[in-house]
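Open the model in your viewer and colour it by secondary structure. The tour below moves from one selection to the next.

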Amino acid sequence: MNKIASLAAVVLLSGCAAMLRQAPNPGDPAEVVQAKMGTPTGTYQDGDLRVLEYATGPMGQYTYMARLGPDGRLASYEQVLTSEKFATIKIDQATHADVLRTVGRPAERSRVAMNNYEVWSYRYKEAGVWNSLMHVHFDGQGVVRQMLNGPDPMYEPRDRGRW
């Protein structure tokens with residue numbers, strides 16, 4: 001039994017170690033950023049910046065964006081699944097591409113039949129504390145029409161109805 005417990009602990013810790021990468025430093029060249037962070041989960045162009053996405057989804061609550069300047073060096077690096085970053089998405093203006101460049105790929109995609117909206121959902125820690133989902137609703141032309149957030153049911157107790 002001790003061997004099984006030890007093996008399980010090693011497997012769990014090795015999975016956590018993959019998430020504990022060393023953050024890149026401003027000015028690092030793209031090669032160093034990728035050596036520290038690994039292969040990006042997405043790559044986007046934002047003007048003259050190249051954006052490397054490092055998402056932990058679909059179950060993770062963090063997505064890191066490394067923005068590389070025209071010289072190929074790291075201009076900024078940040079965790080983007082935050083209330084503040086979601087607030088920068090402009091309703092009735094932002095498109096799929098804008099949302100991808102801002103907060104990366106969603107954890108889930110669904111549809112709302114009533115308005116024929118495509119919905120991208122993002123897991124995040126609202127105010128750094130509450131397990132939440134942000135739902136970004138796009139119309140048929142791919143423009144953001146509304147954003148709604150609420151508790152993430154993945155973290156809700158499953159036996160709540162039994163009492």
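**First stop: a covered helix**

Select helix α2 together with β2 (49–55), β3 (63–68) and β4 (74–79): these strands are among the elements that cover the buried residues of α2. This is a predicted model, so keep that in mind at every stop.

Now select residues 30–37, the span of α2. Which residues of this helix are buried? Show the side chains of A30, V33, K36 and M37: they are the ones. They lie on the same side of α2, because they cover an arc of only 130° around the axis. Turn to the other side of α2 and pick E31 and A35, which are exposed. Then step on to G38, the residue that follows α2. The phi of G38 is positive, near 90°.

**Second stop: the open sheet**

Next, select β5, β6, β7 and β8. They form an open sheet of four strands, in the order β5-β6-β7-β8, with antiparallel pairing. Why is one side of β5 and of β8 left without a neighbour in the sheet? Both β5 (108–112) and β8 (144–151) stand at the edges with a single partner strand each, so one side of each has no neighbour there. Look across the strands: direction ignored, neighbours are turned by 30° against each other on average.

Zoom in on β7, residues 130–138. How many bridges join β7 and β8? There are seven, in the antiparallel sense.

The volume of the largest cavity is about 60 Å³. To see its lining, select A55, T56, G57, G60, Y62, T63, L81, R105, P106, A107, Y122 and R123.

**Last stop: the whole chain**

Zoom out. The protein has four helices and eight strands. Follow the sequence and the pattern reads α-α-β-β-β-β-α-α-β-β-β-β. Colour by burial next: of the 163 residues, 35% count as buried. Finally, show contacts between residues at least 6 apart in sequence; 34% of these join residues at least 24 apart.

Conventions. Residues are numbered from 1 along each chain as its sequence is written. This is a predicted model: local features need pLDDT of at least 70, side-chain atom pairs count only at pLDDT 80 or more; totals for chains, interfaces and linings use all residues. Side-chain values use heavy atoms; hydrogens and water are left out. Two strands pair if DSSP finds at least two bridges between them. Helices (H or I, at least four residues) and strands (E, at least two) are DSSP runs, numbered from the N terminus. Axes are lines fitted to C-alpha atoms, for helices over the stretch in contact, and angles run from 0 to 180 degrees between N-to-C directions. Buried means under 20% relative accessible area, exposed over 50%, partly exposed in between (1.4 Å probe, protein chains only). The arc is that of the directions from the helix axis to the C-beta atoms. Contact means heavy atoms within 4.5 Å. On a 1 Å grid over the protein atoms alone, a cavity is a set of points where a 1.4 Å probe fits but cannot get out, and a pocket is an open set with protein on both sides within 12 Å along at least five of seven lines; lining residues have an atom within 4 Å of a point. Grid points are joined across faces, edges and corners, and a volume is the space filled by probe spheres set on the points.
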